[in-house]
Amino acid sequence: MMNLAASEAQSPLLPVWPEVVIGLIAFGIVFFVFAKKLLPAINKALDERREAIEGGIEKAEAAQAEAQQTLEEYRVQLAEARHEAARLRQEAQEQGAALIAEMREEGQRQREEIIAAGHAQIEADRRQAAQSLRQDVGKLATDLAGKLVGESLEDVARQSRTIDRFLDELEGKAASAESSGAAR
């Protein structure tokens, strides 16, 4: 009973020294095993993970920098392509305008040629009509004069001179009438 009394005499707040010593020895053994075996493996895994994360971040930053550089290159190429397209569009507009101007000039030239040919044709037709009219008027005048005079005016040279003189007088009167009408 003495043990019991001795254990009762001990305070519950004070630890039993043999248990404390055994607990410290067990703790030291567990700590030593953790420190020598488990802690290096944990530190190695943590270091590898940290390096992998840092390497991943560096790789991500490098990839982002490369993507940014590629994006800038594409933007530059896009700007160059837009500039080239604008230049080609401007050239096409200039060529179109030059082609339109050339076609207008060609049309104007053809129009002038057609007008000139028309005027030449009209002048040729007028001369032919005047010549035909001169011959017809001369024949009629000769026939009429022959009937009035009572003799034939078949001498061609005389007939031609008489007709030419008569028509020249008519043209002179017509020209003087036009000039006096234009002066009014």
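This is a predicted model: local features need pLDDT of at least 70, side-chain atom pairs count only at pLDDT 80 or more; totals for chains, interfaces and linings use all residues.
Helix H2 covers residues 17-149. The points below take up the salt bridges and then the nonpolar patch and the annotated span.

**Salt bridges: overall**

- The whole structure holds 9 salt bridges, according to a search of the model.
- Glu-84, Arg-87 and Glu-91 form one network, joined by salt bridges that share partners.

**Salt bridge Glu-123 to Arg-126**

- Glu-123 pairs with Arg-126 in a salt bridge whose closest N and O atoms are 2.7 Å apart.
- Glu-123 counts as partly exposed because its relative accessible area is 28%, a value that falls between the 20% limit for buried and the 50% limit for exposed.

**Salt bridge Glu-72 to Arg-75**

- The side chains of Glu-72 and Arg-75 also meet in a salt bridge, at 3.4 Å from N to O.
- Both Glu-72 and Arg-75 lie in helix H2, with a separation of 3 residues, about one turn of the helix.
- Glu-72 has 36% relative accessibility, so this residue is partly exposed.
- Arg-75 is partly exposed as well, because its relative accessible area is 48%.

**Salt bridge Arg-111 to Glu-112**

- Arg-111 and Glu-112 form a salt bridge in which the closest N and O atoms are 3.7 Å apart.
- With a relative accessible area of 43%, Arg-111 is partly exposed.
- Glu-112 is at 39% relative accessibility and therefore counts as partly exposed.

**Nonpolar patch**

- Val-30, Phe-34, Leu-38, Leu-39, Ile-42 and Leu-46 make a nonpolar surface patch of about 520 Å².
- One of these patch residues, Leu-39, is found in helix H2.
- Leu-39 counts as partly exposed because its relative accessibility is 42%.

**Annotated span**

- An unreviewed UniProt entry lists residues 20-39 as "transmembrane region".
- In the model, residues 20-39 are 100% helix and 0% strand.

How values were computed
Residues are numbered from 1 along each chain as its sequence is written. Side-chain values use heavy atoms; hydrogens and water are left out. Patches are made of residues with over 30% relative accessible area and no salt bridge: like charges are joined within 9 Å, nonpolar side chains (Val, Leu, Ile, Met, Phe, Trp, Tyr) within 5 Å. Accessible areas come from the Shrake-Rupley method with a 1.4 Å probe; for residues, only the protein chains shown count as cover. A salt bridge is a side-chain nitrogen of Lys or Arg within 4 Å of a carboxyl oxygen of Asp or Glu. Helices (H or I, at least four residues) and strands (E, at least two) are DSSP runs, numbered from the N terminus. Buried means under 20% relative accessible area, exposed over 50%, partly exposed in between (1.4 Å probe, protein chains only). UniProt positions are given in the numbering used here, feature names are shortened, and annotations may be inferred rather than shown by experiment.
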